[in-house]
Amino acid sequence: MTTPRKGKSADELLPLSVVLDEIGISRAAWYRWRNRGLGPEAHRLPNGHLRVWRSDLDDFLNTMEAA
């Protein structure tokens, strides 16, 4: 789903499974990272599922490459 976002021309909300595949970590590692305040910002939908904006994931991955 593509939707306009404040300050962005178009962005996409990605399901957690896609994010985990792109980062290359397990779901358990994701939750450890979240507890430590690491990783891209995730948003919980009304149905309880987590989504991450494509731009937030790209920014996070670019930061990790620079480190």
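Select Trp30 first. Trp30 is buried, because its relative accessibility is 1% (buried means under 20% relative accessible area, exposed over 50%, partly exposed in between, with a 1.4 Å probe and protein chains only). This is a predicted model: local features need pLDDT of at least 70, side-chain atom pairs count only at pLDDT 80 or more, and totals for chains, interfaces and linings use all residues. Residues are numbered from 1 along each chain as its sequence is written, and side-chain values use heavy atoms, with hydrogens and water left out.

Trp30 sits in helix H2. Helices (H or I, at least four residues) and strands (E, at least two) are DSSP runs, numbered from the N terminus.

Now show what surrounds this side chain. What is Trp30 in contact with, leaving aside its neighbours within four places in sequence? The list is Leu16, Val19, Leu20, Ile23, Ile25, Pro40, Ala42, Leu50 and Val52. Contact means heavy atoms within 4.5 Å. Pick Pro40 from that list.

Next, select H1 and H2 together. H2 covers residues 27-35. Two packed helices are described by the angle between their axes and the distance between the axes. For H1 and H2 the angle is about 95 degrees and the axes are 10 Å apart. H1 is therefore roughly perpendicular to H2. Axes are lines fitted to C-alpha atoms, for helices over the stretch in contact, and angles run from 0 to 180 degrees between N-to-C directions. Angles under 35 degrees count as roughly parallel, over 145 as roughly antiparallel, 65 to 115 as roughly perpendicular and the rest as oblique.

Show the side chains at this contact. H1 brings Leu16, Val19, Leu20 and Ile23; H2 brings Arg27, Trp30, Tyr31 and Trp33. By class, that is 7 nonpolar, no polar and 1 charged residues. Ala, Val, Leu, Ile, Met, Phe, Trp, Tyr, Cys and Pro count as nonpolar, Asp, Glu, Lys and Arg as charged, and the others, Gly among them, as polar.

Which residues of H1 are buried? They are Leu16, Val19, Leu20 and Ile23. They lie on the same side of H1, because they cover an arc of only 100 degrees around the axis. The arc is that of the directions from the helix axis to the C-beta atoms. Step just past H1 to Gly24, which takes a positive phi of about 85 degrees.

Bring in H3. H1 spans residues 16-23 and H3 spans residues 54-66; they pack at about 20 degrees, with axes 12 Å apart. H1 is thus roughly parallel to H3. Select Val19, Glu22 and Ile23 of H1 with Arg54, Leu57, Phe60 and Leu61 of H3 to see the contact. Its residues divide into 5 nonpolar, no polar and 2 charged.

Move to Pro15, in strand S2 (residues 8-15). Pro15 counts as partly exposed because its relative accessibility is 30%. Beyond its neighbours within four places in sequence, Pro15 is in contact with Leu50 and Arg51.

Finally, zoom out. The protein has 3 helices and 4 strands, in the pattern β-β-α-α-β-β-α along the sequence. Of its 67 residues, 30% count as buried.
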